[in-house]
Amino acid sequence: MDPKHPVRKAIIPVAGNGTRFLPATKAMPKEMLTIVDRPVVQYAVDEAIEAGIEHIVFVTSRNKSAIEDHFDDTPELISSLHRAGKTKQVSELERLLPPAGSISFTRQQAPLGLGHAVWCARDLIGNEPFALLLPDMVCHGLRGCMAGLMELYDEVGGNIVAVEECAPEETSKYGIIGRGAPVRHGFGVTKMVEKPHPSEAPSNFYLNGRYILQPEIFDILARQERGAGNEIQLTDGMLRLSQTQAFHAQAYSGKTFDCGSKQGFIEANVAFALARADIGGLVYDSIRSLVLSHEAQMTAA
């Protein structure tokens, strides 16, 4: 396969149950929780489109119909907004509506891990390289993370991963890579280790949930034995793929928030709100007041 075959499609897995956010996710997909005024999954879609992705494949599960509805047309709502003269909201909704036929949905019937979720999209992706965006990992910067990966892919082809630096003592929380020879927009990957002890970590660069992978990963995942958590792990599949294909990495210049955790979700809301011209100043004043009040209470205690 031509290593520079264009990346036209992306997989966004949204089949998780969101148990860490119960009871909020009892009747609503965790991907529909909002960061300021957009659902978490919208940020991944926007990032993919910014990077030039033409078709997005969602891997869903039961009780995820709200995601499908979010990316569908809503003529009744549009008509109501027009009658109310809310043209700004109409323009925003129309801008976010994907072109017809540019989104597909497939089901992961059992929670067998990220590797299995990716494999479930195999027929919709076909024999093409593809982007993979984990929606819980929300990128915040001057531009999306995937756009940078596309630049590196255009340079070297093969398989691409995005990384960020963590504190050296925190490597046991992440998938860590080994740093190889530099290229113009990144560097080679010499190894991938899942949650290594700091004394055994090859670097402090961790995988942040953005990938470009070659389609050979599907055959590997089809035969992949279950790993950690009795699930089919994507990292295990990438390790096997790396034995025959090159991997490169790019360090993301922004910051990624893990919105699968409560702390990361709250941090993302604060960061995105502060960056907004319309509410940033008000949010800053409110947060500063709350922090000062909290510090005063802690001192008094």
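## Close-up views of a predicted model

**View 1. D73 sits in the loop between α2 (65-70) and α3 (75-83).** Helices are DSSP runs of H or I with at least four residues, strands are runs of E with at least two, and both are numbered from the N terminus. The model is predicted: local features need pLDDT of at least 70, side-chain atom pairs count only at pLDDT 80 or more, and totals for chains, interfaces and linings use all residues. Residues are numbered from 1 along each chain as its sequence is written, and side-chain values use heavy atoms, with hydrogens and water left out. D73 is partly exposed, at a relative accessible area of 45%. Here buried means under 20% relative accessible area, exposed means over 50%, and partly exposed lies in between (1.4 Å probe, protein chains only).

**View 2. A patch of negative charge lies on the surface.** Its members are E68, D69, D72, D73, E76 and E94. Patch residues have over 30% relative accessible area and no salt bridge; like charges are joined within 9 Å, and nonpolar side chains (Val, Leu, Ile, Met, Phe, Trp, Tyr) within 5 Å. Asp and Glu count as negative, Lys and Arg as positive, while His and the chain ends are not counted. The place of a charge is NZ of Lys, CZ of Arg, CG of Asp or CD of Glu. Accessible areas come from the Shrake-Rupley method with a 1.4 Å probe, and for residues only the protein chains shown count as cover.

**View 3. Strand β10 pairs with β9 and with β12.** Strands pair if DSSP finds at least two bridges between them. β9 (residues 175-183) and β10 (residues 186-194) run antiparallel over 7 bridges. A hairpin of 2 residues joins β9 to β10. V183 has G186 as its bridge partner in β10. G175 faces E194 of β10. β10 also pairs with β12 (residues 247-251), again in the antiparallel sense, over 2 bridges. There, G188 stands opposite H248.

**View 4. E128 and R8 meet in a salt bridge.** A salt bridge is a side-chain nitrogen of Lys or Arg within 4 Å of a carboxyl oxygen of Asp or Glu. By this rule the model has 13 of them. For E128 and R8, the N to O distance is 2.7 Å. E128 is buried at 12% relative accessible area, whereas R8 is partly exposed at 28%. A network of salt bridges links R8, K9, E54 and E128.

**View 5. R276 forms a salt bridge with D37.** The closest N and O atoms are 3.1 Å apart. R276 lies in the loop between α10 (262-274) and α11 (280-300), and D37 in the loop between β2 (34-35) and β3 (38-39), so the pair ties together parts 239 residues apart in sequence. R276 is partly exposed at 27%. D37 is partly exposed too, at 49%.

**View 6. E47 and R210 form a salt bridge.** Their N to O distance is 2.9 Å. E47 belongs to helix α1 (residues 40-50) and R210 to strand β11 (residues 205-213), 163 residues apart. E47 is buried, at 5% relative accessibility. R210 is buried as well, at 1%.
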